[in-house]
Amino acid sequence: MARPTTIRTGQILNAARKLFLANGFGASTADIAREAGVSEGSLFKRFPTKADLFRAAMGLPEFHIEEETASRVGKGNLRDNLARLMDMILEFHRVLMPRVMMMWAQPGLSPLEMLKGDPEHNPPQQAMKALSRYLAGEVERGRLKPQDTDVVASMIMSSMHSYVFGEQIGIREKTDEAGWKYIQSVIDVLMEGIAP
């Protein structure tokens with residue numbers, strides 16, 4: 001007798017995410033099950049309601065920037081380091097924003113549910129803290145002038161978020177080249193300041 005096929009939860013979540021992003025909450029559980037290669041019954045054994053499946057599929061993506069920031073403190077070219085970190089943050093927001101927007105669009109569901117009750121320990125907050133620690137390390141080494149590194153980290157995160165929002169609503173070009181050009185412009189402003 002053949003062993004039953006093992007369906008991983010990740011397989012179901014990937015199928016659900018794909019269809020929810022394409023069709024919103026209106027994506028049918030039958031279509032999601034078909035996309036995942038499981039029966040609808042198997043789907044509901046893991047996720048009792050469609051809303052539970054939606055929350056799980058559209059949750060915050062993982063984002064680990066801590067090792068990258070820690071490895072760059074005091075090393076290499078500061079502009080190159082900032083550009084690499086900002087590029088990682090831009091890509092994270094490109095994954096995050098469609099999920100948040102889809103969550104906002106569903107009555108009765110809140111993007112705060114994505115935080116799973118822990119607003120201080122979630123990928124965006126952890127990334128902001130890691131970036132602030134990186135900047136503080138560069139300040140300690142004299143590679144940046146003394147400043148409030150939490151504010152600078154917030155400015156960097158916000159500028160990447162703003163760029164991706166512009167991509168989502170069609171006022172910014174969604175290409176790697178355009179994103180890279182924007183990153184370089186943000187670095188110019190950060191490094192030179194806005195005072196005359």
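This tour moves through selected helices, salt bridges and a surface patch of a predicted model.

Begin by selecting helix H6, residues 78-104. Its 27 residues should span 39 Å at 1.5 Å a residue, and the 37 Å between its end C-alpha atoms agrees with this. Of these 27 residues, 19 are buried, so the helix is mostly covered. At the start of H6, display Asn77: one of its side-chain oxygens comes to within 2.9 Å of the backbone nitrogen of Arg79. Then move along to Leu96, where H6 bends by about 30 degrees; the proline Pro98 follows within four residues.

Next, show the side chains of Arg84 and Glu68, which meet in a salt bridge (3.6 Å, N to O). Arg84 belongs to H6 and Glu68 to helix H5 (residues 66-72), so the pair ties together parts that are 16 residues apart in sequence. Arg84 is partly exposed, at 33% relative accessible area.

The structure holds 10 salt bridges. For another, select Asp31 and Arg34, with an N to O distance of 2.4 Å. Both lie in helix H2 (residues 29-36), three residues apart, and are therefore separated by about one helical turn. Asp31 is partly exposed at 36% relative accessibility, whereas Arg34 is exposed at 58%.

Turn now to Arg143 and Glu138, whose closest N and O atoms are 2.6 Å apart in a salt bridge. Arg143 is partly exposed at 29%, but Glu138 is buried at 0%. Select also Glu91, Arg94, Glu167 and Asp176, which salt bridges with shared partners join into one network.

Finish on the surface with Phe165, Ile169 and Ile171, a nonpolar patch with about 310 Å² of accessible area together. Phe165 sits in helix H8 (residues 149-169) and is partly exposed, at 39% relative accessibility.

Definitions and conventions:
Residues are numbered from 1 along each chain as its sequence is written. This is a predicted model: local features need pLDDT of at least 70, side-chain atom pairs count only at pLDDT 80 or more; totals for chains, interfaces and linings use all residues. Side-chain values use heavy atoms; hydrogens and water are left out. Patches are made of residues with over 30% relative accessible area and no salt bridge: like charges are joined within 9 Å, nonpolar side chains (Val, Leu, Ile, Met, Phe, Trp, Tyr) within 5 Å. Accessible areas come from the Shrake-Rupley method with a 1.4 Å probe; for residues, only the protein chains shown count as cover. A salt bridge is a side-chain nitrogen of Lys or Arg within 4 Å of a carboxyl oxygen of Asp or Glu. Helices (H or I, at least four residues) and strands (E, at least two) are DSSP runs, numbered from the N terminus. Buried means under 20% relative accessible area, exposed over 50%, partly exposed in between (1.4 Å probe, protein chains only). The expected span of a helix is 1.5 Å times one less than its number of residues. The bend at a residue is the angle between axes fitted to the seven residues ending there and the seven starting there. A polar contact is a pair of N or O atoms within 3.5 Å; within protein, one must be able to donate a hydrogen and the other to accept it, and residues adjacent in sequence count only if both atoms are side-chain atoms.
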